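Please look through the sequence and the model shown here, and then follow a short walk from one residue to the next. The walk takes up side-chain contacts, then charged pairs, then a pocket, and at the end some details of the backbone.

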Amino acid sequence: MKAAVLVKPLQIELGDHPIPNPGPGQLRIRLQEVGICGSDVHYFGGHRPLPEPTIIGHEGWGYIDALGEGVNRVLGERVVVDPNAPCGNCTYCARGQATVCPNKRTIGLNVPGCFAEYVLIPADFAHKLPDSISAQDAVTIEPTAVAYHALKKASLTKGDAIYILGLGAIGMLITHLAVEQGLKVYANDLNPVLQEKAYEFGALKDDWKSQDIRVIFECTGSAAATTQLIADAPRGASVILLGLSEKQASFTPLDLVRRGISIQGSLIYDHPEDFQSVIQLIKDGKIQPHKIISKYIPLAEVQAGLQAATDGHPGKIVVQIV
């Protein structure tokens, strides 16, 4: 099979690799499309170094191609990849915190990923796609689940106001989901193309600082932006961190406590609930996450695609495997 391996920062090698065979409890997916994620950009740029050359990529969909021992699924079934499989045995999994399981099997990080013609995953982590869901929406289900999980953590009700800083894929998808939920959404990005797209999704143009903001979503991945955002958060607000800055942000505890500001992180999604909820929303026609896609490229151009994403290309770049 053809596969793209990140051999070192900023260097992808596309070559021929053996087609993997599924083990017990696994299935093999013949991939069709894979989105480029912000974490792929971090790996590509060397900001989050990988211990060895790795096939990266995890936002994929395709067809079940082969079954391992004990797997009762249908060959040819159309599925989306759920790339994070917690161990199910550790303390964190036992108390319902599987998103922070230290033993997660993460496709494109500690096991071979999706910038390839085939990928192996545990059978329970391949979600069946209804025929009515388009390929364009299918490839955006994984990042939409990330956005859905963050909104779920916020515990908001219809009519509440939120502010989103950073309109990459996750910030834009939070905007889209929040508007669909009847929230008042204020959003900001330095890129005017992304800013206009947020308005198209229903974000409001008023100054967010003059509104009764309940929750702020930090999606830039900038430590400096996070520090400023916490300082600017209105009294009683919550700040949810989704950006993955490797640098230190800061706040003054006395100020934070007196203003009643809470800070929490939101990481990936709950399995299988968040994927299933997103699939249902798309099936019901309530959201169209494919609208964040701005460019399609073939697998042979994944190096250029990762570089474009690193350089700030607005919107989601999708790699077409076939």
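In this predicted model, a polar contact of 3.4 Å joins the side chain of Arg-28 to that of Asn-21. Arg-28 itself belongs to strand β3, which covers residues 26-35. Is Arg-28 buried or exposed? Its relative accessibility is 12%, and because buried means under 20% relative accessible area, Arg-28 counts as buried. The list of residues that Arg-28 touches, leaving aside those up to four places away in sequence, includes Ile-19, Pro-20, Asn-21 and Pro-22. Also among the residues touched by Arg-28 are Tyr-63, Ile-64, Asp-65 and Ala-66, as well as Tyr-118, Val-119 and Leu-120.

From here we can turn to the charged pairs. How many salt bridges does the count come to? The count comes to 10 salt bridges, and one of these pairs is formed by the side chains of Glu-77 and Arg-73, where the distance from N to O is 2.5 Å.

Another salt bridge is formed by Asp-270 and Lys-152, whose closest N and O atoms are 2.9 Å apart. This pair links distant parts of the chain, since Asp-270 is in the loop between β15 (262-265) and α9 (273-283), while Lys-152 is in helix α4 (residues 141-154), and the two are 118 residues apart. Asp-270 is partly exposed, with a relative accessible area of 24%, and Lys-152 is partly exposed as well, with a relative accessible area of 36%.

Asp-160 counts as buried at 12% relative accessibility, whereas Arg-214 is partly exposed, with a relative accessible area of 36%. If residues up to four places away in sequence are not counted, Asp-160 touches Leu-183, Lys-184 and Arg-214. Gly-182 is 22 residues away from Asp-160 along the chain, and the C-alpha atoms of these two residues are separated by 8.1 Å.

Next comes a pocket. The second largest pocket holds about 210 Å³ of space, and its lining is made up of 16 residues. Which of the lining residues lie nearest the centre of the second largest pocket? They are Glu-218, Thr-226, Leu-241, Gly-243 and Ala-249. Helix α7, which covers residues 223-232, gives the most to this lining, with 3 residues. Sorted by class, the lining of the second largest pocket has 9 nonpolar, 5 polar and 2 charged residues.

Most residues other than glycine have a negative phi, and most peptide bonds are trans. Against that background, Leu-10 has a positive phi of about 70° although it is not a glycine. Leu-10 has its place in the loop between β1 (2-8) and β2 (11-16), where it is partly exposed, with a relative accessible area of 45%. Ser-155, which is likewise a residue other than glycine, has a positive phi near 55°. Ser-155 is placed in the loop between α4 and β11, the loop in which Asp-160 also lies. Is Ser-155 buried or exposed? Ser-155 has a relative accessibility of 56%, and because exposed means over 50%, Ser-155 counts as exposed.

Finally, the peptide bond from His-271 to Pro-272 is cis, with omega near -5°. Pro-272 has its place in the loop between β15 and α9, and that loop also holds Asp-270, the partner of Lys-152 in the pair that links distant parts of the chain.

Key. Residues are numbered from 1 along each chain as its sequence is written. This is a predicted model: local features need pLDDT of at least 70, side-chain atom pairs count only at pLDDT 80 or more; totals for chains, interfaces and linings use all residues. Side-chain values use heavy atoms; hydrogens and water are left out. On a 1 Å grid over the protein atoms alone, a cavity is a set of points where a 1.4 Å probe fits but cannot get out, and a pocket is an open set with protein on both sides within 12 Å along at least five of seven lines; lining residues have an atom within 4 Å of a point. Grid points are joined across faces, edges and corners, and a volume is the space filled by probe spheres set on the points. Helices (H or I, at least four residues) and strands (E, at least two) are DSSP runs, numbered from the N terminus. Ala, Val, Leu, Ile, Met, Phe, Trp, Tyr, Cys and Pro count as nonpolar, Asp, Glu, Lys and Arg as charged, and the others, Gly among them, as polar. A salt bridge is a side-chain nitrogen of Lys or Arg within 4 Å of a carboxyl oxygen of Asp or Glu. Buried means under 20% relative accessible area, exposed over 50%, partly exposed in between (1.4 Å probe, protein chains only). Contact means heavy atoms within 4.5 Å. A polar contact is a pair of N or O atoms within 3.5 Å; within protein, one must be able to donate a hydrogen and the other to accept it, and residues adjacent in sequence count only if both atoms are side-chain atoms.
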